[in-house]
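Try each task yourself before you read the solution.

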Amino acid sequence: MTALPGRLSVILLGLALASLVAGPASSQTPRGHGAEGRDMELVGHDDLQGRSAYQPTIHKQGGRFIAYVGHHGGKSRNPLTGVDEDNGTSIVDVTDAARPRYLAHIPGAAGGGEQGGAQMARVCDRQGKTYLLRTFGNAVPNSAHEVWDVSDPAKPRKVSTVVTGLTSTHKNYWECDTGTAYLISGDLAKPDPMQPGPSGWRTSRMTKIYDLSDPAKPVFVRDFGLAGQEPGSTAPGPVPPGAHGPMVLGNRVYFAYGTSADGILQIVDRQKLLTGGKEPTAANLNAPEISRLYMSPNWGGHTAFPVLGMTIGDWAPNTKGHMRDFVVLVSEAIANECREFRHGSFMIDITTETRPFGVATFEVPESLGKFCQRGGRFGPHSSSESFAPIFYKKLVFIAYFNAGVRAVDIRNPYAPREAAFYVPATTERTAERCVTEPSRSCKVAIQTNNVEADERGFVYLADRANTGLHIVRLTGDAAKIIGN
């Protein structure tokens, strides 16, 4: 499949294809391409010391706004110390969004690409201090989850190692009000995660839940995953796909599994999850589940972002059903130059929690930007996860790799539309992305990897291809959606 057909709503997941407008492709420069956009403009930029960036988290600390950016593996010179440091976590003061100020770099694990670094960053205020929860590495036996005191963001101090001896650490979630943390990783105890047996989970990614209400004294709560992944399972058939990451809202946990194929959305009762049976048996794993939605095998669950209590304006005359709940479910593109199925982002109606149902799809038409020819990945990676009132229930921002960030108007969740977009320019730091078939070919293109937004209305783009952190804002008609 090279494109999503117009009759997608009939064929796959019952989803209706949203009609979008994308801007024209910019001309190529010797080192990639220039910036382009519609109703969105660049405010500020920091090159993040040329490190490949994954997840930006924006945290308000007193009167300041601080960006904590997780990195993939690799190594780069830190001008603040004059030392070559393994990629870890960048800490940037973005109070003045037009003039970001790099404060500190916390080195991560050694190793390139997916092996080293410290990809994930979550930040919470606890006990009068500010703490960073981050992953450390991604390979056996050194992968871990750590907590750092970043009350003074320019002088981070390690507080605890929550758990170590893991692999495949990934997208954590931390409840700032309770301190409960959901840590994605592999817990193997043997070299091959897919082999059944009495020790080790049968998936490379499951969820370890800890009480981090006192970040200096982590308390283990339980392990969680899909039945059939648990140690010693003899369940027939393929092992269910690994977790990518959860999100929590109210008494529900929304888990996305599969990342880019064989995706599953799982809705879980949080109270039952935290207080139910701790032994990882199939019965105990199934007990807190409310429902699950199986996606097409071509698509996976990377991000599951709940958007609850939406009023459907056009449904106001109806006597029933004009208040609805949704999950924005994103499937990740993973191959350069479209050497894969086309990925999309889906609106899932979960008003009846036991029967989630896909009702709409968002995609960027490749033909209007010739994105498959630009180099690198084209397609969605993840959505923003901000509950800031300025954006919530109005706009969701989707990282689209070489198509930059796309601002999606979800006020009518049954017909989401593109409200704005911004594709940053490449720089001398932007790394090449290559394909090998039919022959080896490399191109320079932006790779917007993850995006986040803050309560002031700024949107933050982290670039996978070493181009740094871009800070943008809405203009024109898109700005009117949020009252600016």
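This is a predicted model: local features need pLDDT of at least 70, side-chain atom pairs count only at pLDDT 80 or more; totals for chains, interfaces and linings use all residues.

**Exercise 1. Describe the largest pocket: what is its volume, and which residues lie closest to its centre?**

Solution. 
- Step 1: Start with the volume, which is about 750 Å³ for the largest pocket.
- Step 2: Turn to the lining, made up of 28 residues; Ile-58, Val-123, Tyr-173, Cys-176 and Phe-387 are the closest to the centre.
- Step 3: Look for the strands behind this lining. At least two residues each come from S5 (53-61), S12 (121-126), S16 (173-174), S20 (243-249) and S34 (448-453). The largest share, 5 residues, belongs to S5.
- Step 4: Sort the lining by class, which gives 13 nonpolar, 5 polar and 10 charged residues.

**Exercise 2. Find the residues that touch the most other members of the largest nonpolar core.**

Solution. 
- Step 1: The core has 42 residues, and the ones to pick out are Tyr-182, Phe-224 and Leu-273.
- Step 2: Beyond four places in sequence, its contacts include Trp-201, Met-206, Phe-255, Tyr-257, Leu-273 and Leu-285.
- Step 3: Another core, of 22 residues, lies apart from the largest one; Ile-390, Leu-395, Ala-407 and Ile-481 are among its members.

**Exercise 3. Is Asp-149 buried or exposed?**

Solution. 
- Step 1: Locate Asp-149 in strand S14 (residues 143-149).
- Step 2: Its relative accessible area is 7%, and buried means under 20%, so Asp-149 is buried.
- Step 3: Check its side chain, which makes a polar contact of 2.7 Å with the side chain of Ser-151.

**Exercise 4. How far apart are Tyr-254 and Phe-326, in sequence and in space?**

Solution. 
- Step 1: Find Tyr-254 in strand S21 (residues 252-257).
- Step 2: Tyr-254 is buried, with a relative accessible area of 2%.
- Step 3: Tyr-254 and Phe-326 are 72 residues apart in sequence and 11 Å apart in space, taken C-alpha to C-alpha.
- Step 4: Finish with the contacts of Tyr-254 beyond four places in sequence, including Met-247, Leu-249, Ile-267, Val-327 and Ile-350.

Conventions
Residues are numbered from 1 along each chain as its sequence is written. Side-chain values use heavy atoms; hydrogens and water are left out. On a 1 Å grid over the protein atoms alone, a cavity is a set of points where a 1.4 Å probe fits but cannot get out, and a pocket is an open set with protein on both sides within 12 Å along at least five of seven lines; lining residues have an atom within 4 Å of a point. Grid points are joined across faces, edges and corners, and a volume is the space filled by probe spheres set on the points. Helices (H or I, at least four residues) and strands (E, at least two) are DSSP runs, numbered from the N terminus. Ala, Val, Leu, Ile, Met, Phe, Trp, Tyr, Cys and Pro count as nonpolar, Asp, Glu, Lys and Arg as charged, and the others, Gly among them, as polar. A nonpolar core is a set of buried Ala, Val, Leu, Ile, Met, Phe, Trp, Tyr and Cys residues joined through side-chain atoms within 4.5 Å. Buried means under 20% relative accessible area, exposed over 50%, partly exposed in between (1.4 Å probe, protein chains only). Contact means heavy atoms within 4.5 Å. A polar contact is a pair of N or O atoms within 3.5 Å; within protein, one must be able to donate a hydrogen and the other to accept it, and residues adjacent in sequence count only if both atoms are side-chain atoms.
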